[in-house]
2 protein chains.
Amino acid sequence: MPRKAATPAPPRPSKGERTRDQLVETIVALVNERPLDDIRIADICAPHGLAAGAFYFHFKGKDDAFEAIGIEAVTRLYAPVLAAPPAADFFSECVEILTQFYRAAIERRSEVRAIFMILNARRHAGVRDAWLAVRRQLQQRLAARIAVERGTTGTGAFASANVTAHYLLCGLERFYDDVFFLTIDADLPAEAANFDVFVRQQARLWSVAATGPTQ
Amino acid sequence: MPRKAATPAPPRPSKGERTRDQLVETIVALVNERPLDDIRIADICAPHGLAAGAFYFHFKGKDDAFEAIGIEAVTRLYAPVLAAPPAADFFSECVEILTQFYRAAIERRSEVRAIFMILNARRHAGVRDAWLAVRRQLQQRLAARIAVERGTTGTGAFASANVTAHYLLCGLERFYDDVFFLTIDADLPAEAANFDVFVRQQARLWSVAATGPTQ
């Protein structure tokens, strides 16, 4: 295999960016621990020995911070899923998407929980909008692929594939519930050491659901 | 239409049953308000002027009460859905199931939230088991109906219909999330005064998803 060209190292984050990253990390951890209303700005700044001014340099207030962090977490969670490379056949396409989805949800578990808690506070509509926007992108990609797989074209065929794609994504979102309402910590596929088997089972289910029993 | 035979009135609940009902009602309300760990037995008994003994007559302790109430709420939520009468055609069958489902989820909104909060506490596996059991019943009913609709028979056909039924139910469960993470209070179909239109739209989606684009 040809060697990959060396990619330039990403620019080193500035001091301001590092401070913001520290604040974000602490807020995500706190949101996993207690209700949003019980989180004080002092709690956010204390672990890094920062003054409240550092918080207010980056955020207008707590609600602004929760909204910004929720939107960023949604974006980070879906970025690798949306960037999954297209595959030649439908089953492999499903494997690509599902691998990225489950990996992101498992690795970013505390961010998934933070998104839930922020949505649960019911005053951060921007987070819901951000999630709906990335969900729409993923659904459209999947619907287009399903229409191709079914060998159908035209508006009606896309609309029908879109319905199927919607329900498949509903299935994925149940996994978030499991990450959040974690009665099943030990069953998470990454921890069961059979991640690939799990993903291929799910991809098989998607294929059956998308192309029906006749194929 | 023939007049229905008069059904006998249900037996009047005993004093003990009425006390238990009062306790359950208060617990559901409290669970909607604050974390489970912040609910004290005194808070549960106070609204009805009961002593702690009344609580302990009915429940072994708080965790026993949460588990029992969660299981009962799940059962009550799904009972009308499972009892939806079979219909002659698939679309009408979907309308029957969906009508009962959405009506129950809307009318029992505080119980839906209580179930979420109790599951969220991660120490009431019985509630999850109860939910999985009723879900399984509903999925089997739906899968059998989808296989008939597709005109296919045999184990393979049922397995494939079962996959479809699973994803359709995942779609329904997203509605619970909306009831719980209620950024959308005003959009609930019952309140939008177009409940029937909403249900028929959903039934149309189910029909397309179940029977595919070719029918």
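**Entry 1: ground rules**

This is a predicted model, where local features need pLDDT of at least 70 and side-chain atom pairs count only at pLDDT 80 or more, while totals for chains, interfaces and linings use all residues. Residues are numbered from 1 along each chain as its sequence is written, chains are lettered from A and ligands numbered from 1 in the order in which they are written, and side-chain values use heavy atoms, with hydrogens and water left out.

**Entry 2: α4 and α5 in chain B**

I started with helix α4 (residues 62-82) and helix α5 (residues 90-107) of chain B, whose axes lie 8 Å apart at an angle of about 160°. Helices here are DSSP runs of H or I with at least four residues (strands: E, at least two), numbered from the N terminus. Axes are lines fitted to C-alpha atoms, for helices over the stretch in contact, and angles run from 0 to 180 degrees between N-to-C directions. By the angle classes, α4(B) and α5(B) are therefore roughly antiparallel to each other. On the α4(B) side, L77(B), Y78(B), P80(B) and V81(B) make the contact, and α5(B) brings I97(B), Q100(B), F101(B), A104(B) and A105(B). Contact means heavy atoms within 4.5 Å.

**Entry 3: Y78(B)**

The cut-offs are under 20% for buried and over 50% for exposed, with partly exposed in between (1.4 Å probe, protein chains only). Setting aside neighbours within four places in sequence, I found Y78(B) in contact with F101(B), W131(B), V134(B), L138(B), E173(B) and Y176(B). I also checked R135(B): it is 57 residues from Y78(B) along the chain, yet their C-alpha atoms are separated by 8.3 Å.

**Entry 4: the core**

The largest nonpolar core has 130 residues, and those with the most contacts inside it include Y78(B), Y102(A) and W206(A). Such a core is a set of buried Ala, Val, Leu, Ile, Met, Phe, Trp, Tyr and Cys residues joined through side-chain atoms within 4.5 Å. I followed Y102(A) and, not counting residues up to four places away in sequence, it touches L172(A), F175(A), F195(A), F198(A), V199(A) and Q202(A).

**Entry 5: two pairs in chain A**

Helix α5 (residues 90-107) and helix α9 (residues 195-211) of chain A pack at about 130° with axes 8 Å apart, so α5(A) and α9(A) are oblique to each other. Among the α5(A) residues that meet α9(A) are Y102(A) and R103(A), and the α9(A) residues include F198(A) and W206(A).

The axes of α4 (residues 62-82) and α6 (residues 109-120) of chain A come within 9 Å and cross at roughly 135°, so this pair is oblique too. F66(A), G70(A), A73(A), V74(A), R76(A) and L77(A) of α4(A) meet E111(A), V112(A), I115(A) and I118(A) of α6(A).

I stayed with F66(A), which counts as buried because its relative accessibility is 2%. Beyond four places in sequence, F66(A) is in contact with I27(A), V31(A), L36(A), I39(A), I118(A) and H124(A). R123(A) is 57 residues from F66(A) in sequence and 9.8 Å away, C-alpha to C-alpha.

**Entry 6: cysteines**

How many disulfides does the structure hold over all chains? I found 0, taking a disulfide as a pair of cysteine sulfur atoms within 2.5 Å. C45(A) is buried at 3% relative accessibility, and C45(B) is buried at 2%.

Key. Angles under 35 degrees count as roughly parallel, over 145 as roughly antiparallel, 65 to 115 as roughly perpendicular and the rest as oblique.
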